[in-house]
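Hi,

Here is the structure I said I would pass on.

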Amino acid sequence: FGSRACFVLLTVLGLVMRCCVAFAAAVTASGNPFAGHTFYQNPANAKEFDGSIATASGLTKENLQKMKNVASAYWIDVKEKISGTNTSSVEGILTDAASKSPPELVVLIWYDLPNRDCDAKASNGQICCTKKADGTCDYDTQGDCSDGIAEYKKDYVEPFVSVLEKFEGKVPVVLVMEPDSLPNLATNIGHPHCGNPATVTAYKEGISYALGQLTSRTPWVSLYLDAAHGGWLGWDNNLQGFLKLLDDMKLPLDKVRGFATNVANYQPLGQICPYQPDQGYRNAYCLNQQHQSDPCCADPCKLESQYNPGNNELNYAQDLTQAAKGVLGMDARVIIDTGRNGVADMRGDCSNWCNIRGAGAGMASSAAQNSSVVDAFFWLKTPGESDGCTSTLPDGSSCARFDSMCSSSDSIGSTSSDPRAPEAGKWFDYQVKQLAANAKLEASGASTTSTFVVV
């Protein structure tokens, strides 16, 4: 090279280095990985919304147009979504996000454990401890899941981490780890599919290995463990059991940012109450009929009468972070999924979770500001993606992955006047229009900026 060419090259390299250092400093300085970033929006989602917008009208259409421009997470639920050039893959998404100026923050759901979704059928996975003749997972055969764990490590964890490594310093990334898995081990061990030693081994060893690889090879990625929701782990004994499980697993929690709650669920966001624990880390502020006129004690799922202080996700997040500090020594923060909790009281039974009738999209994805509890409110499941199929699919064929919870009295498709629901993850036009019609995209009393203050 000539001297001028060398000077230009060194100048460019210097700019790149300064950009990478500035990016890393921005993440480290704020602590909250969502703060100060534009969130990535996948063009594939925009196309789905366009299809529904074209046949909508009035307020529904207006809200669909707004929802189209709200960022949501991307579920990497099969191995085939890891490598690639288009925005249906991790590699394609990160390449696209890194090309923006400045690079945009990407939120991904890491979701492909062996024997995944042991307590349901709608989202059963592709990696199995033992396979049936038809290729689906056999949740009854016991064993050590050695083949399934080896496949998970080789075909999911390794390529996923390898792709992430290519983008260090180029794009901010948040990962939510394996929804429902550890909460199922903490509370549903009596279910034969969850308590099967093969499933238990797969979940514990799989998550331990994945977190080890991520924290050692991609420490710049912000990690959140799934912690179910207040209607599941809100009871003190359930929460304590969950945290004990994490402690027993010896996970690298000092390198994990926190927890994700309400993932793909409908629990209300609510308002946060003063923290007044009565035993352990249970907040008694609303229990025993106390402070019932305080809006923070509103209890659409009737949990407080069962001594569950997780009447809303903000209160649950507060209890969770307090307990994590005390039990694990973890200074955790929380992401709350607000994609479909804009309506609080639409269910007859809050244990129902599949394609809930009358639900509304909730608070648009945004960073929390100056909060000791919450990092972000984020659409971790894109409104419009089905939770699971009805027994008969929209085309009239039978659904092999039908879960009886998708025929609950609260589920779209459980009455003859409802349309049939497609398989989990597929676009459900009827549902997204209902979510839009009932949407509450802004926090009550909050500004319309990209931050929301939680004390």
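Let's start with a salt bridge: the side chains of Lys-79 and Glu-151 meet in one, at 2.7 Å from N to O. (A salt bridge here is a side-chain nitrogen of Lys or Arg within 4 Å of a carboxyl oxygen of Asp or Glu.) Lys-79 sits in the loop between strand S1 (74–76) and helix H4 (90–98), while Glu-151 belongs to helix H5 (residues 146–165), so the pair ties together parts that are 72 residues apart in sequence. Helices (H or I, at least four residues) and strands (E, at least two) are DSSP runs, numbered from the N terminus.

Before you go further, note that this is a predicted model: local features need pLDDT of at least 70 and side-chain atom pairs count only at pLDDT 80 or more, though totals for chains, interfaces and linings use all residues. Residues are numbered from 1 along each chain as its sequence is written, and side-chain values use heavy atoms, with hydrogens and water left out.

Back to the salt bridges: the structure has 20 of them. Another one pairs Glu-91 with Lys-166 at 3.1 Å, N to O. Glu-91 is in helix H4 and Lys-166 in the loop between H5 and strand S3 (173–177), so to speak a link between distant parts of the chain, 75 residues apart. Lys-166 is partly exposed, at 47% relative accessible area; buried means under 20%, exposed over 50%, and partly exposed in between (1.4 Å probe, protein chains only).

What about Arg-340, buried or exposed? It counts as buried, at 1% relative accessibility. Its salt-bridge partner is Asp-387, with the closest N and O atoms 2.8 Å apart, and Asp-387 is buried too, at 5%.

Asn-45 is buried, with a relative accessible area of 14%. Its side chain makes a polar contact of 3.1 Å with that of Ser-72 (a pair of N or O atoms within 3.5 Å; within protein, one must be able to donate a hydrogen and the other to accept it, and residues adjacent in sequence count only if both atoms are side-chain atoms). Beyond its neighbours within four places in sequence, Asn-45 is in contact (heavy atoms within 4.5 Å) with Ser-72, Tyr-74, Thr-382 and Glu-385.

Cheers
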